[in-house]
Amino acid sequence: LPAVHLQESALKELEQVAPSVKEKKRVSSTQMSEITPPATSGTTVKSGLEIAAGPGDPELEEEKSKLEKESKHEDECSSLSDRGIGPGEHHHLHLSSCHECLQLENSTIESVKFASAENIPELSDDCSSKLEEKNDDHIAREIKRINLAGKPPNILIYVGSETSKTEFEQVKSVLEECVDADSYTIYQLREEQVLKAPWIDNALLLVIATEEPISEENHKQFMKFLSKGGKILGFSSSFTFGGIEIKRKNKLKKTVHELVVSKLDNTEIKLDILISGCIFEEVMKENTGKIRPLSRLNNADRDIVIVHLPYGDGGGEAILSQVHLELDINSMDIQTQDDFNSLKMSNTKRYELLKEILISLGLSCERSEIPVLTPIYLLSSDEEIHLAFLKWLEESVDAEGLIESSKVSLKFVSSCESKMEITPSLMSVITEMGSFSSERFSLETYQQNLQTKKLGKILLFTEVTTTTMNLLDGLMFKVPEEMGLIAIAVRQTQGKGRGGNVWLSPVGCALCTLHITIPLHSNLGQRIPFIQHLVSLAVVESVRTIAGYEDIELRVKWPNDIYYSDLMKLGGVLVNSTLAETTFHVLIGFGFNVNNSNPTICINDLILKYNKEEGTQLKALTTDYLIARTVTVLERLIDIFQEKGPNGVLHRYYKYWVHSGKQVRLHSEEGPIAWIVGIDDYGFLQVHEEGKGIQSVHPDGNSFDMLKNLIIPK
């Protein structure tokens, strides 16, 4: 495959002239409230105001006069700012102690219906308006304003004249994964808005993501945007200017090629990516010297595929790409299994490269805000068990409704209170089930698919928590044995992995901790390490035992991982066990990617891939459904193990594991080679080393890959 070299030094140079994080932090708290989206900040957006009412309307004339005065003042401030900072810098900030500007920062911009796009005033916000009044026809109605030299933090995406909303959503989705979601808003720039809507002064970045030709009128508008300090990012588009032309190479179209990102220390990062079939060529013009190639194909012609172009003296610039950085694998027409695998395995690096480009254009890609912790809801799949638990709870809490724990103390309250205290060490639990609702978890779906005698019957659910592993700590030794506890979260801020690793916990990942009790003097009680294998198997079987889903390539990797084939991890298991007298109290934390394609891969990716290959129409699965099925399968596997021991489940485990016929090295990377043959009666890996027969091996304690540096216990 031809390689592509990205000159990181060029990106770094561009990044140096972008505004620093410190500069961004100097923006006042008033400005920060404007950056926050309306849904979280409480800011409302006013619908477009019709100022075409006839002259002489006294209220309108007064408002118009006020707005013109404010607009004139801001122009003066912007002019002062521009004089104070050189043209090479991206953004200009002026002092936010200026009284009139502070007033402006507390308002949002709305668009006005004009016959012409000239002389557009700024309208102050009316906080009594409603979000539902937004109208797609006028971009600036939704646009918020901060004090950045006339460039609000809005990203516009242009996907051409006859493109469905699907393409816009694809590009929007990838940008949302990269930029700070609380610092920017993303809108579609429709064809009819390019020449009419007042977007040029109300956007920081324009993304052009269409292969169709750009009309002469639209091209002039885009150049006008650049002349006013705007930034343009081209995704495999026909847009170009300033000494660069696009040349088509059909043999490259829709093919997967390797990119080599060359770093300053002479090391390289390689990733596979889809090529558009076009390359850039420099043509002889006066300003050709300003063109900066950022990436080339490593072929005889050294074709340019990513280029940086400055424009004018106001800081305008464009980065144009002919590789598909914007496309998620599910949006592509992938022809081969190898292409699917290589693109998915390069997905994280694709995001890293895209973030580098966005940062060089002056955007912030820091995801600094930690989501706010939310109250916990006490739920149950069985009304009788729920009432019994409430009765036990009434007798067990202290006078303030607390059950204390060294990790997280739980305060039980009957209903949601406005001043609930929720901290990492003290969380409120609402016991009234009738007040529960969630967009991301259906209690009904969970109830219908949980077919257990005990496990998972008492549920602590929360949208955002630190880690579900801590929520059951104060309950597990006290609750009656017949009441199976489970904690489920949509997001975790401090998810735990093996060996102290951090478990990333984005929306779309199934996240929970299950409590089980195992008698010491039982088959499983004598083989506690087997629990992690049973849980991994339960996750895989929760999918592959559904009719039609049997061939979804979901597998187990020893000792506690869930994998796509043998290529990529999409889930893991963490088990903590405590022996109290003759009973093991076991907390099983497990998380697996269900509907979060990025930054790696998820179960619904595999389903979509299977549908494309086999012509089927299998439905996407949900976290609530799969958590319930996993717990159900696990209870049955435990029952079988307790009755028949390891041999009762091993044939099912081997059916789905990734290690058949695989080799490992013992002791170190240069150690002797051994063949994996299975796992022993206690859950440890068995290998066959030539001349030494079959031996059981243990991990060496590293937290990166438990199949590396395996040791033979004495």
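Visitor: Which residues does Phe 590 touch, leaving out those up to four places away in sequence?

Guide: This is a predicted model. In it, Phe 590 touches Ala 510, Leu 511, Cys 512, Leu 514, Val 535, Val 539, Gly 572, Val 573, Thr 630 and Val 631. They count as touching because contact means heavy atoms within 4.5 Å.

Visitor: What makes Phe 590 stand out in the largest nonpolar core?

Guide: Together with Ile 588, Phe 590 touches the most other members of that core, which has 86 residues. Helix α16, residues 623–644, gives the core its largest share, ten residues. There is also a second, separate core of 38 residues, including Phe 168 and Leu 361.

Visitor: Where does Lys 457 lie?

Guide: Lys 457 is in the loop between α12 (443–449) and β17 (458–465).

Visitor: Why is Lys 457 said to have no salt bridge?

Guide: The nearest side chain of opposite charge, Asp 382, is 4.6 Å away.

Visitor: What lies 3.1 Å from a polar atom of the Lys 457 side chain?

Guide: The backbone oxygen of Thr 452 does. The cut-off for a polar contact is 3.5 Å, so 3.1 Å falls within it. Beyond four places in sequence, Lys 457 is also in contact with other residues, among them Leu 379, Ser 380 and Gly 484.

Visitor: How much of the whole protein chain counts as buried?

Guide: Of its 714 residues, 54% count as buried.

Terms used. Residues are numbered from 1 along each chain as its sequence is written. This is a predicted model: local features need pLDDT of at least 70, side-chain atom pairs count only at pLDDT 80 or more; totals for chains, interfaces and linings use all residues. Side-chain values use heavy atoms; hydrogens and water are left out. Buried means under 20% relative accessible area, exposed over 50%, partly exposed in between (1.4 Å probe, protein chains only). A nonpolar core is a set of buried Ala, Val, Leu, Ile, Met, Phe, Trp, Tyr and Cys residues joined through side-chain atoms within 4.5 Å. Helices (H or I, at least four residues) and strands (E, at least two) are DSSP runs, numbered from the N terminus. Lys and Arg count as positive and Asp and Glu as negative; His and the chain ends are not counted. A salt bridge is a side-chain nitrogen of Lys or Arg within 4 Å of a carboxyl oxygen of Asp or Glu. A polar contact is a pair of N or O atoms within 3.5 Å; within protein, one must be able to donate a hydrogen and the other to accept it, and residues adjacent in sequence count only if both atoms are side-chain atoms.
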